Structure formats: structure tokens, C-alpha cells
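Please look through the structure below before reading on; the paragraphs that follow lead from one local feature to the wider architecture.

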Amino acid sequence: MASLTVRKLDDEIKAALKLRAARSGRSVEDEVRVILREAAETPAQRPAAPEPMESVPRNQRLRPAENGRPRVTLIIGGGIAAYKALDLIRRLKDRGCHVGCVMTRAAQQFVTPLTASALADEPCYTDLFDSRSEFDAGHIRLARDSDMIVVAPATADLMAKMAQGHADDLATAILLATNRPVLIAPAMNPMMWTNSATRRNVAQLERDGIAFIGPNSGEMAEAGEAGVGRMAEPAEIAARADAILRPPQARILSGIRVLVTAGPTHEPIDPVRYIANRSSGKQGFAIAAAAARAGADVTLISGPVDLDDPANVHIIHVESARDMLDNVQKALPVDVAVFAAAVADWRVANAGAQKIKKTQGSLPQLELTENPDILATVSKLTVNRPKLVIGFAAETENLIANARSKLARKGCDWIVANDVSPGSGVMGGDRNTVHLITRDDPPDHAPDVWPVMTKEDVAATLVARIAGAVKKDVSRS
Ligand code: C5P
């Protein structure tokens, strides 16, 4: 298809599309192609329709997560704490969840659906009679197509409607139609929380199997008021949602020590200048987070990045390649090492101890020297070599051939090859196109090509592959 023309898009969708394209570093037209490709692939990947409800308790009615990445429908109620729900979207995504939002009419007085759409993984739904969400009884689909529903903030009114089984808007219709675990984060004035009507509703909702987080005590939005009624913090809600979504039996890397390197390295020219590269660190962070969620004991050694530290990971921040190698060596022994850092190939041999002055008519003579190759060093260890050493190969041309020769040269076990050619949007973007090449592949073996995925999905898929390999190894020994 040479070109795409899509007419009659409403302004909100156009704006959300532009944002999504900008975030992934693609043109709008390319973004639409990606969306169409995803949509075409989705039906085959989606699991079959959910089982009938029967009398299984809510918290056991979990559907297997897609690609290891659970879908969360976040219902945002109309309270002043709605702004915190935006942070919650990010926190759930950091924990590897795919997040879709639904906003009540009142919530839209506090935050806009466009903001929620831009932060979440799909457009925000607002209306029970919206042709977008209701083309196939969308409230049923939204209710069942997610692995769990989180309501934050849950207002007194929304909780009353849930307790009574109302379904007069999209949020309540989803809550009535779902057979998935529901976690609610109440937020209201302390008098409303202690009111006997709310107490009755809370008791009813608890009997119905709804999980609660908070409310916490503290200052209220209303001047001079304090007490129990503040919404739980987004980090607490995300952690609780994670615990519900990923019961201990999902911890496929439990007891396994994993080391991950991530991000760029900064090689000093003098105390204020450095050589670096464009790595964002997102892929390495996603792998560390996915391994930790799978129960591994994870050490992440990261160069300078602009990312929050992942939960339940031991993180060491370093600057240069030599610091990184030093800390990698200290972190050994481990069972699995994943080298996702984009280590600078060279450093300045004659780096200035003081700031190099600009002198007219002469340029500083920088002498470069090669940095240690951390992946090759660890791969070639005879003592303490991890059982599985995985490298990354970011290539702009001859992806497979270059990745194969890199695997042989460095002596690692697997190479995750990714296409970072201009236009791929991988560097700094949220998606990755990956091929997995392993040492045991026969030379004529077609590489294992993964579809275009988010970096979280690449991480979850890689973690599942690692778990398979590590288990095989254990059963052999
Ligand atoms: O040689 P190249 O930089 O393309 O190799 C990429 C792989 O090697 C990545 O896994 C990267 O983390 C690792 N590497 C390293 N130390 C270096 C250079 C690359 O660990 N100095």
C-alpha cells in the first residue's frame, strides 16, 4: 500500500494520533500503519472468550496475561484525586501492564480524556453510547477483555452505584459486567467515608469480593480538613494491583539471579564535557522490571538515564564503561546476564583534569582509546561465567549477518538483534523490532523474528524465553 488516506477522523482522535506518533518518533502515517498491523495481528493473539462466571471467587478469575503483559482497565471517578490517576497510569505501565482508561462524566471535570489517552496504551473511553466503544457491546468487551479493573479515585457516589448494581454509564456498566478482579481506591471527605450509608456500601462491596486499597489519612483538599479519606498513593495502588495480577505461581524466575546492564555510558572529555550516545535505557529497564516481576533476584547496572528506578530491583548507577564493568564484576556470580547497555566504544585517553579552555586558532587534540567490552569479558570468563549470557546488537544494516558474527565474536549465548535504522523509531522510542539468535542455531536456521512490540512486551517475551532455557538447564543438571 503506497499511501494511506483516512477521512472523517474527529479532532480528539487526530490529536491523540499525533501525540502517539510523536512519542514513538514516527510520522502519523507510519503510526497508522503500525496500528493497523497491530489490529490485524491481534485476533490471532487474543485468547478465547472468557469462561462463564460460575461461583469462582473474583480474585481467582484471572485470565492468562497476554504476552506476560496484563491488561488493566482503569476507571477514573470524579474527585479531586483524579489527577493522581494520571500518575497511576504511568506506574501501572512501569510494572508492565497494558492500561486502558475509562472516565466518568464527573472525572472529566478534573482531567481530560485526551490526557489519559496520551498516557495510556489506548484511547480513553467515556460514553456508554459511544460508537467507538459500543460497536460490539463495548462495555462487555472492556469488562471482560481486561485482566483486572482498578477504580481510582472511587468516589462515594460511584461506590454506592457499584453496591446497588447500577449501570447507567460506561464505568458502572463495565463494573457490573465484569468477572475480573476489581480493586478500588476510595477518595472522599472523612465525613462521607464515615457516614453510615458509605459504611453499608463498603460492607456490601467487600461481601461482593471487591478489593480495597486505602483510603489513607491526611490533609483533605478542603482547607483545614484532615482525616481518613485521601486516596492511596499511585505507587501503593500499582503495587497492590500487581500483587493481585501476579500471584506467586506466576514467578517463573523465582530463585534465579539476573544481572542487567542498561542505558548509555558517559565518557568524560573533561569535568564538564563527555562523549555519549542516544540510548534511553528503556529496554534494559523493562527487562530488569519484567525479571523482577517474574520473581528473579535482579541487579540492574545503569548508565545515566532519565527513568525511575524499577520496583524490587537492586540498582547501581554508574557513569562510564569502566565503572560499569567494575560493578558487573562485583555483581557476579549470577545465573543470567543481559547486556542491554549501549556502552561507548571509546573513551578519551587524555581527558582533562580541569575544564579544557577554548583557545583561539587551536582545537583540543582528543586522543581516543578503546573501552573494555563488558559483554565479551563476561562471556569469556572461565570462573563465574553466568549460565546464560545475552547480548544486544543494534544494527542499521545486514541485521542478521552482523548479529550472528557479533554472537561468535563476543562468545555470548544469545543475541537480541534490533533494527535501529533511521525511521525505525527504536532509539529513544517505546517499540522495538527484535530477532533472537542463539548459539545453538544451525547456520541455515531462520532467525526467530518477533513482531513489532513495545519494549515491555519484548522484555516479557525475553523473560519467558529465559525461564524456559533456565528450567531446561536445571532439569539437565
Ligand atoms: O559491539 P557492539 O557495541 O555492537 O555490541 C553490543 C553488545 O555488546 C550489547 O549487548 C552491549 O551491551 C555490549 N557491549 C558491552 N561493552 C562494550 C560494548 C558493547 O558490554 N564496550
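Directly after helix 7, Gly165 adopts a positive phi of about 75°; helices here are DSSP runs of H or I with at least four residues, strands are DSSP runs of E with at least two, and both are numbered from the N terminus. This is a predicted model, in which local features need pLDDT of at least 70 and side-chain atom pairs count only at pLDDT 80 or more, whereas totals for chains, interfaces and linings use all residues. Residues are numbered from 1 along each chain as its sequence is written.

Helix 7 itself covers residues 156-164, and its buried residues are Ala156, Leu158, Met159, Lys161, Met162 and Ala163. A residue is called buried if 20 or more other C-beta atoms lie within 10 Å of its own, exposed if 12 or fewer do, and partly exposed in between, with the C-beta atoms placed from the backbone. These buried residues of helix 7 pack against strand 3 (148-154), helix 8 (170-177), strand 4 (182-186), helix 9 (190-194) and helix 10 (196-207).

Ala232 is found in the loop that links strand 7 (226-230) to helix 11 (234-245), and it counts as buried because it has 24 C-beta neighbours inside 10 Å. Leaving out residues up to four places away in sequence, Ala232 touches Ala185, Ile213, Gly214, Pro215, Asn216 and Ile237, where contact requires C-beta atoms, placed from the backbone, within 7 Å. Ala232 and Pro186, 46 residues apart in sequence, are 7.9 Å apart in space from C-alpha to C-alpha.

In the protein as a whole there are 16 helices and 21 strands, and 43% of the 477 residues count as buried.

Eight strands make up an open sheet of mixed pairing, in the order 12-11-8-13-16-17-19-20, and two strands are taken to pair if DSSP finds at least two bridges between them. Strand 12 (314-317) and strand 20 stand at the edges with a single partner strand each, so one side of each is left without a neighbour in the sheet. Within this order, strand 13 (residues 336-339) runs parallel to strand 16 and is joined to it by four bridges, with Ala337 opposite Val389. Strand 17 (residues 414-419) and strand 19 (residues 434-438) are antiparallel over five bridges, and Ala417 stands opposite His435. Strand 19 also pairs with strand 20 (residues 448-449) in the antiparallel sense, over two bridges, and there Leu436 has Asp448 as its bridge partner.

Two helices lie across strands of this sheet. Helix 12 (residues 282-293) lies across strand 8 (257-262), strand 11 (297-302) and strand 13, at about 165° to strand 8, while helix 15 (residues 399-410) lies across strand 16, strand 17 and strand 19, at about 140° to strand 16. For these angles, axes are lines fitted to C-alpha atoms, for helices over the stretch in contact, and the angles run from 0 to 180 degrees between N-to-C directions.
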